[in-house]
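User: I would like to learn how to read the main features of a helical protein model. Please give the general idea for each feature and then the case at hand.

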Amino acid sequence: QTSENQSGLIYVTLADKIYNFTLSIESRKKTAFNASTRVKMEGPNGYLDAGEYPLLPFYLIMCLVYVTYGIVWLTVSFLQWRDLLRIQFWIGGVIMLGMLEKAIFYAEKQSINSNGYSVPEAEIAAEIVSCTK
């Protein structure tokens, strides 16, 4: 849909799908010039595309599942503290790392969805925690 209004909006797509965006700026003169463009790709649910948006609730649910596992595991461990084996401490550590990993992934996707900017360090940190787990 083509229209120009007060915000400078020129083109709005009506469907959520994959688009090929090509921008070409040419000058007929041989002198240098400055060009400024702004592209905003925001859908009805935020800045995440249709392929990434389902991951947002997935990471939230998985983080809550890990929190539940952690609470249950700590409760059982405290009740049986005299009979714990060393491997059971490592299992608790893996649960904690899983909770941290999913929380970081969720925070990264939520950041992208709310303001449109990615935090690459957060995704790297989540991948490192995932590999450690």
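This is a predicted model: local features need pLDDT of at least 70, side-chain atom pairs count only at pLDDT 80 or more; totals for chains, interfaces and linings use all residues.

User: How many helices and strands does the protein chain have?

Analyst: Helices (H or I, at least four residues) and strands (E, at least two) are DSSP runs, numbered from the N terminus. The protein chain has three helices and zero strands, giving the pattern α-α-α along the sequence. Its radius of gyration is 23 Å, well over the 14 Å from the globule rule for 133 residues, so the chain is more spread out than a compact globule. That radius is taken over C-alpha atoms, and the rule is 2.2 Å times the number of residues to the power 0.38. Along the principal axes, the C-alpha trace spans about 80 × 35 × 25 Å.

User: What share of the residues of the protein chain count as buried?

Analyst: Buried means under 20% relative accessible area, exposed over 50%, and partly exposed in between (1.4 Å probe, protein chains only). Of the 133 residues, 17% count as buried. Contact means heavy atoms within 4.5 Å. Among contacts with a separation of 6 or more, 54% come from residues 24 or more positions apart.

User: Which length should helix H2 span at 1.5 Å a residue?

Analyst: The expected span of a helix is 1.5 Å times one less than its number of residues. Helix H2 (residues 86-115) has 30 residues and should span 44 Å; its end C-alpha atoms are 44 Å apart, which agrees. For H1, with 25 residues, the first and last C-alpha are 36 Å apart, close to the 36 Å expected.

User: What covers the buried residues of H2?

Analyst: The buried residues of H2 include Gly92, Ile95, Gly98, Ile104 and Phe105. Their cover includes helix H1 (55-79) and helix H3 (120-132). On the H1 side, Leu56, Tyr59, Cys63, Tyr66, Gly70 and Ser77 are buried, and the buried residues of H1 pack against H2.

User: Where is glycine 70 found, and how is a pair of residues read from it?

Analyst: Glycine 70 is in helix H1 and is buried, with a relative accessible area of 15%. Its C-alpha atom is separated by 7.0 Å from that of glycine 92, 22 residues apart along the chain. Glycine 46, in the segment before H1, is buried at 9% relative accessible area. The C-alpha atoms of glycine 46 and glutamine 110 are separated by 9.3 Å, and these residues are 64 apart along the chain.

User: Which residues is serine 111 in contact with, leaving aside its neighbours within four places in sequence?

Analyst: Serine 111 is found in helix H2 and counts as buried, at 17% relative accessibility. With those neighbours left aside, serine 111 is in contact with Gly116, Tyr117 and Val119. Just after H2, glycine 116 takes a positive phi of about 85°.

Key. Residues are numbered from 1 along each chain as its sequence is written. Side-chain values use heavy atoms; hydrogens and water are left out.
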